[in-house]
Amino acid sequence: MMMRLTLTQAVTLLKEHDLLIKVVNPQVTEFTAVTYDSRHIPAGQPLFFCKGVGFKADYLAMAIDHGAVGYVATQAYEQPVTGIVVKDDQKAMALLAAAFYDYPQNDLFIVGITGTKGKTTTAYFTHNALTASAGPQTALLSTLNTILGPQPDQTFKSHLTTPESLDLFAYMRQAVDNKMTHLVMEVSSQAYLKHRVYGLTFDVGIFLNISPDHIGRNEHPTFANYLFCKEQLLVNARTCLINADMPYFAAVQQAAQTTTAPERIFTFGKTAPEVDFRYQSVLSDLAESKFQLRAESPKAQALQVAGEYIASVPGDYNEGNATAAVITAGLAGAKAAAIQTALQKTHIPGRMEVLPTKGHGTVYVDYAHDYASVKRLVAFLRSQTPAGGKVIVVLGAPGDKGISRRPGFGKALSEERADEVILTTDDPGFEDPKTIADEIAAHIDPQKVGHVQYIADRAQAIATAITMSHNDMVVIAGKGADAYQKVKGQDLPYPNDLVVAKQVIEKLGAQPEK
Ligand SMILES: CC(=O)N[C@H]1[C@@H](OP(=O)(O)OP(=O)(O)OC[C@H]2O[C@@H](n3ccc(=O)[nH]c3=O)[C@H](O)[C@@H]2O)O[C@H](CO)[C@@H](O)[C@@H]1O[C@H](C)C(=O)N[C@@H](C)C(=O)N[C@H](CCC(=O)O)C(=O)O
Ligand SMILES: Nc1ncnc2c1ncn2[C@@H]1O[C@H](COP(=O)(O)OP(=O)(O)OP(=O)(O)O)[C@@H](O)[C@H]1O
């Protein structure tokens, strides 16, 4: 189907949402392409969206030079093309994108997942559970990969956790055209802050947890704003699923109740007094997590997903992520047996990847990169360490953002009493990695952490950690499967932590016997 948007449609929609200020030079009555990037102007009659903190009038001029016949912006420009002037460029872009791509959301069962931690893990579990149940009909929008269909060229690396609205609706259209019936997507708080999902209703909205993160320049001004943005997923979901064990549960539940009847709000938890679904650890070891899921309310029982599950990704916190995926798959019509199989087989790149060794303990590569996740990770590994064994941690903190992570890491490593910490480089951007490491070190309590050192080169830091390990746990945290180091505005190639760790193990001749 040829995608199009008429000027009349655009005006009607924008007026409906009280977003239209005026139209200038209304000579073009139909647009047959849309874009927000002057470096990629499609053929046809393109409409150009002027948006973003870094937008410059020159980009619009360049877009028009390359064929744009209209623009949407918060101000009129001295340009001879049709201009749609709006009160909010991001909201306007989301509304017009949905219309341009002919509302693909109407043909998809959409699951949205938010939470400070666990979004990608839960998204993969849910995607695999739905695929195991109904075949390859489920699209995925995750921080790692975008999957829009079953063919290899319909899977590619993602740029953002939640895409810009224009890309989001384009992806949904491609997914529908590729015969996808379901979509599992991560919804970052940033997506609501920047109105990337404005006007979109989710069939299921999952709220996993919230802890202070993503507050600062280019992100949220305050924690209250961060919480508010995350709550919007539930305000815009037909069915809500909430972790009742987390702080701020009452506020989040209240947000869900604003638009959703109690029959469509489900809660889960391990320790909360009243929940629809309760999960309980059966066995959590270094390879997997086995847990029991009980349905405690009639509406929970009706889903028929209670039972025992094994999640392939170790870490006791992954039981909560897996529980959310099981319930959601049940809500989407998947059968317990298919969900069980899928959970056991799910592999998530860079999330709790395990490398056993001969003589150098066990090596973990994990994406933990804030206070809450490093704390839970070190606590879990500590609980699994054999008597006399140590927990050796390799990590750094990124530059130019997430400044609160630096004291957070120091605090988490101290509270969980890491035995050996090797501070290193992790996407330093325009900052000096040694200064970042010093800021982390300043928050490490020497009474609680055995020894701290700094090794700038990440591969060298990993080699040092694995070489010194005997009967110990080595955890390489923060970068997961990232195959780059962000340095001074450039993505410098880096093999990734798993590849480096495997090379070190091989060099040491420490591969385990098959
Ligand atoms: C703060 C934020 O959300 N920024 C995103 C946003 O930027 P922006 O709208 O301000 O755009 P900009 O990069 O300043 O550029 C302005 C405009 O000029 C256009 N342009 C630019 C150059 C040119 O030559 N011609 C041209 O037309 C650009 O296409 C853009 O439309 O839109 C851009 C795409 O157009 C994104 O790449 C960019 O994400 C940046 C890279 C980013 O780091 N975002 C993070 C904070 C983010 O969104 N993270 C969350 C996950 C958080 C979590 O883990 O929970 C996410 O959902 O990914
Ligand atoms: N429920 C949880 N509680 C605490 N830590 C968790 C939880 N789930 C995952 N983690 C940790 O957080 C890391 C990131 O997990 P995941 O990628 O699933 O989360 P995310 O929400 O997508 O993260 P991000 O927004 O940073 O991309 C994992 O590698 C693990 O260490």
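**Entry 1. Domains**

I began with the spacing of two domains: the C-alpha centres of domain 1 and domain 2 lie 29 Å apart. The model is a predicted one, in which local features need pLDDT of at least 70 and side-chain atom pairs count only at pLDDT 80 or more, while totals for chains, interfaces and linings use all residues. Residues are numbered from 1 along each chain as its sequence is written, and chains are lettered from A and ligands numbered from 1 in the order in which they are written.

I noted the division of the chain into domain 1 (5-95), domain 2 (104-268 + 316-334) and domain 3 (353-507); these bounds come from an automatic or database domain assignment. I then looked up the contacts and found eight residues of domain 1 in contact with nine residues of domain 2 (contact: C-beta atoms, placed from the backbone, within 7 Å). On the side of domain 1 that touches domain 2, helix α3 (residues 89-100) supplies the largest share, five residues. Helices (H or I, at least four residues) and strands (E, at least two) are DSSP runs, numbered from the N terminus. By class, I recorded six nonpolar, one polar and one charged residues on that side of domain 1. Here Ala, Val, Leu, Ile, Met, Phe, Trp, Tyr, Cys and Pro count as nonpolar, Asp, Glu, Lys and Arg as charged, and the others, Gly among them, as polar.

**Entry 2. Ligand 1**

I listed 22 residues around ligand 1, the closest being Gly-52, Gly-54, Leu-160, Thr-161 and Ser-188 (a residue is near if its C-beta atom, placed from the backbone, lies within 6 Å). Helix α6 (residues 189-193) gives the most to this shell, with three residues. By class, the shell around ligand 1 has six nonpolar, 10 polar and six charged residues. Domain 1 and domain 2 both give residues to the shell, so ligand 1 lies between them.

**Entry 3. Ligand 2**

I counted 21 residues around ligand 2, of which Gly-118, Lys-119, Thr-120, Thr-121 and Ala-368 come nearest. α4 (119-134), α10 (317-331) and α12 each supply at least two residues of the shell, and α12 has the largest share, four residues. The classes around ligand 2 are six nonpolar, 10 polar and five charged. Ligand 2 lies between domain 2 and domain 3, because both give residues to its shell.

**Entry 4. The sheet**

I traced an open sheet of 11 strands with mixed pairing, in the order β11-β10-β9-β12-β8-β13-β14-β15-β16-β17-β18; strands pair if DSSP finds at least two bridges between them. Its edge strands, β11 (155-157) and β18 (307-311), each pair on one side only. The twist averages 20° from one strand to the next (axes are lines fitted to C-alpha atoms, and angles run from 0 to 180 degrees between N-to-C directions).

I then examined strand β13 (residues 202-207), where five of six residues are buried (buried: 20 or more other C-beta atoms within 10 Å of a residue's own, all placed from the backbone; exposed: 12 or fewer; partly exposed: in between). Strand β8 (residues 109-114) runs parallel to β13, joined by four bridges, and Thr-114 has Phe-207 as its partner. Five bridges pair β13 with strand β14 (residues 237-243), also in the parallel sense; there Ile-206 is partnered by Leu-241.

**Entry 5. Lys-390**

I located Lys-390 in the loop between α12 (371-384) and β21 (391-395). Lys-390 is buried, because 20 other C-beta atoms lie within 10 Å. Leaving aside neighbours within four places in sequence, Lys-390 is in contact with Asp-419, Glu-420 and Asp-472.

Definitions and conventions: Contact = placed C-beta atoms within 7 Å.
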